[in-house]
Protein chains: 2
Amino acid sequence: MSTNQESVNSDQYNVVLLAGGVGGAKLADGLAQILPSERLTVVVNTGDDFQHLGLKICPDLDTVMYMLAGVNNDETGWGRQNESWRTISEASRLGGPDWFKLGDLDLATHLVRSHLLGEGRTLTAVTRQLCRGFDIPVSILPMSDQPAPTTIESGDGIRPFQEWFVKERWQPAADKIHFPEDIKASPAVMSALQKADLVLIAPSNPFVSIDPILNVYPIKSMIMDLPMAVVAVSPIIGGQAVKGPAAKMMAEKGMPVTAAAVADYFGDLIDGFVYDQEDAGTLEGLDVAHLAVDSWMRDQADRVRLAKDVLAFASELANS
Amino acid sequence: MSTNQESVNSDQYNVVLLAGGVGGAKLADGLAQILPSERLTVVVNTGDDFQHLGLKICPDLDTVMYMLAGVNNDETGWGRQNESWRTISEASRLGGPDWFKLGDLDLATHLVRSHLLGEGRTLTAVTRQLCRGFDIPVSILPMSDQPAPTTIESGDGIRPFQEWFVKERWQPAADKIHFPEDIKASPAVMSALQKADLVLIAPSNPFVSIDPILNVYPIKSMIMDLPMAVVAVSPIIGGQAVKGPAAKMMAEKGMPVTAAAVADYFGDLIDGFVYDQEDAGTLEGLDVAHLAVDSWMRDQADRVRLAKDVLAFASELANS
């Protein structure tokens with residue numbers, strides 16, 4: 001299928017992006033540059049959230065917020081620009097844990113979030129206030145207001161997600177990924193999905209970024225049942241994950257480490273699949289509409305171009 | 001009574017100092033300079049403690065720790081030297097409360113404390129670890145491992161202590177001061193008092209720094225019943241509090257704002273009273289042993305001199 005951006009006015013569509021961290025944040029930024037802000041909702045994985053040093057930390061929400069606020073650190077992919085480390089250095093000197101790097105500016109987010117949650121507000125309301133503080137007009141929503149911690153089972157036991165991901169640098173094989181049961185979507189997520197014309201799945205890790213969102217009731221069934229076009233973007237380019245453990249996890253699961261295997265993994269959840277032209281040819285037999293593009297997002301121009309390609313493709317699917 | 005430092009070897013006494021914030025920290029520092037560290041225990045008011053921005057903050061413990069570590073800010077009386085304010089400024093910009101000033105270095109203490117408490121350790125154990133981090137050899141003990149929040153009742157309602165003290169700058173009249181019931185001393189405090197030869201009451205606010213400690217069971221009865229010499233140092237000099245609301249609170253209670261009134265307030269709890277020579281003459285009828293000294297503590301030399309005077313006086317009382 002080829003794209004024809006002129007034939008479709010994607011400004012008229014309500015778009016929901018399911019996003020993890022860096023890949024989700026980048027596509028969210030591309031979409032935010034071209035869609036009216038009221039048309040875009042980013043539903044973010046909170047399976048990575050944890051309590052640390054007394055504070056509530058939501059790594060994926062922060063990565064998306066910092067990117068959309070233009071204060072993110074491009075080099076690390078996490079945290080803020082012009083960051084300093086005075087507090088965490090002193091905390092480490094005093095015997096506190098320092099395996100999770102908390103910069104002085106970043107800490108402010110966690111302090112305000114912890115404060116507002118302590119006042120009894122929902123994570124959705126807290127995130128809205130933080131977004132106001134960062135002048136972000138787009139709606140960024142946690143997948144749920146309930147804590148929904150992902151845990152990773154390896155040969156030597158079960159770890160909270162961040163201990164596996166950051167402390168152990170995702171090296172222990174993730175034999176099994178556990179999501180808590182009975183997690184419910186927030187009213188804001190339900191409402192966004194009910195109004196959605198296009199649902200996009202960001203080039204995030206399918207197993208630990210997207211699956212936790214789909215585990216939240218009834219997000220998956222709404223996406224399956226409602227008359228929306230669903231398009232996923234491959235996190236695998238040329239047999240490698242752009243960032244993080246996706247490729248390693250696919251290999252450990254016995255899956256081929258290919259874009260096509262990601263499309264297969266999503267199965268009939270998706271109506272279309274966008275992948276990198278580097279992988280063109282490997283998806284020929286794929287039983288879902290698919291589009292090869294330049295999907296590397298090195299800078300904002302790349303992010304905008306990918307967002308345009310994906311929107312045009314999804315819009316055509318919605319019209320077909 | 002006159003002091004004779006040469007006649008008494010106060011190094012042989014186990015000394016417990018009951019302390020609030022600045023005045024307590026200063027006398028603790030003077031004592032720490034002249035006593036073997038294993039002879040000095042500082043029992044600190046934790047009635048001021050509160051949860052703020054998700055963190056557990058113990059203002060009096062921190063003031064004493066920072067002073068004994070030599071990292072305190074002499075000008076403010078609270079917080080650390082060479083402090084910076086990057087995190088709290090950003091938190092304020094994001095809509096967080098900024099009425100309680102939390103510097104970047106100071107925050108490290110609260111993060112580590114909150115982290116260790118979250119692991120289930122007692123405040124006593126946590127304080128011990130922080131003291132190790134600050135290379136403080138003296139034993140600094142919270143008065144209890146239980147939270148024991150002081151609340152202040154004014155005409156317009158009851159406030160948590162810090163909201164009255166910092167947010168309202170102690171301006172509403174403290175009609176009534178409330179301490180929680182059934183607060184028990186930690187084993188470490190009990191043990192220190194059992195071994196104590198001298199108990200010193202720092203020149204701290206009697207109503208909101210010392211009374212909260214005496215409210216912890218069985219601190220007051222141990223001090224009354226055990227064969228130790230108990231000496232208080234006046235927080236009132238020349239009819240004024242050196243710092244804070246003590247004088248204002250005495251006036252509101254209908255007490256004369258004098259050193260003598262403080263001695264009367266402690267009544268038969270104390271065996272001796274140390275006050276400033278500026279107030280000499282006003283204590284002539286006082287029915288307790290008393291000693292006029294230069295009690296202003298402008299610098300460490302002053303703190304050491306006062307500590308020597310108080311120790312010598314208390315030692316004589318213990319021997320008599």
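Biologist: Which residue of chain B comes closest to the rotation axis?

Modeller: In this predicted model, Gly54(B) does, with its C-alpha at 3.2 Å from the axis.

Biologist: What makes this axis a two-fold axis?

Modeller: Chain B is superposed on chain A by a rotation of 180 degrees, with 0.0 Å of shift along the axis and an RMSD of 0.0 Å. That is the relation of a two-fold axis. Both copies use the same surface, since 100% of the contact residues of chain B recur in chain A.

Biologist: Why is chain A called a compact globule?

Modeller: For 320 residues, a compact globule would have a radius of gyration near 20 Å; chain A has 19 Å, and therefore agrees. The C-alpha trace of chain A spans about 60 × 40 × 40 Å along its principal axes. Chain A contains 12 helices and 14 strands.

Biologist: What percentage of the residues of chain A count as buried?

Modeller: A residue is buried if 20 or more other C-beta atoms lie within 10 Å of its own. Of the 320 residues of chain A, 52% count as buried. Among contacts in chain A with a separation of 6 or more, 67% join residues 24 or more positions apart.

Key
Residues are numbered from 1 along each chain as its sequence is written. Chains are lettered from A and ligands numbered from 1 in the order in which they are written. This is a predicted model: local features need pLDDT of at least 70, side-chain atom pairs count only at pLDDT 80 or more; totals for chains, interfaces and linings use all residues. Helices (H or I, at least four residues) and strands (E, at least two) are DSSP runs, numbered from the N terminus. The radius of gyration is taken over C-alpha atoms; the globule rule is 2.2 Å times the number of residues to the power 0.38. A residue is buried if 20 or more other C-beta atoms lie within 10 Å of its own, exposed if 12 or fewer, and partly exposed in between; C-beta atoms are placed from the backbone. Two residues are in contact if their C-beta atoms, placed from the backbone, lie within 7 Å. Copies are superposed by least squares on the C-alpha atoms of residues with pLDDT of at least 70 in both.
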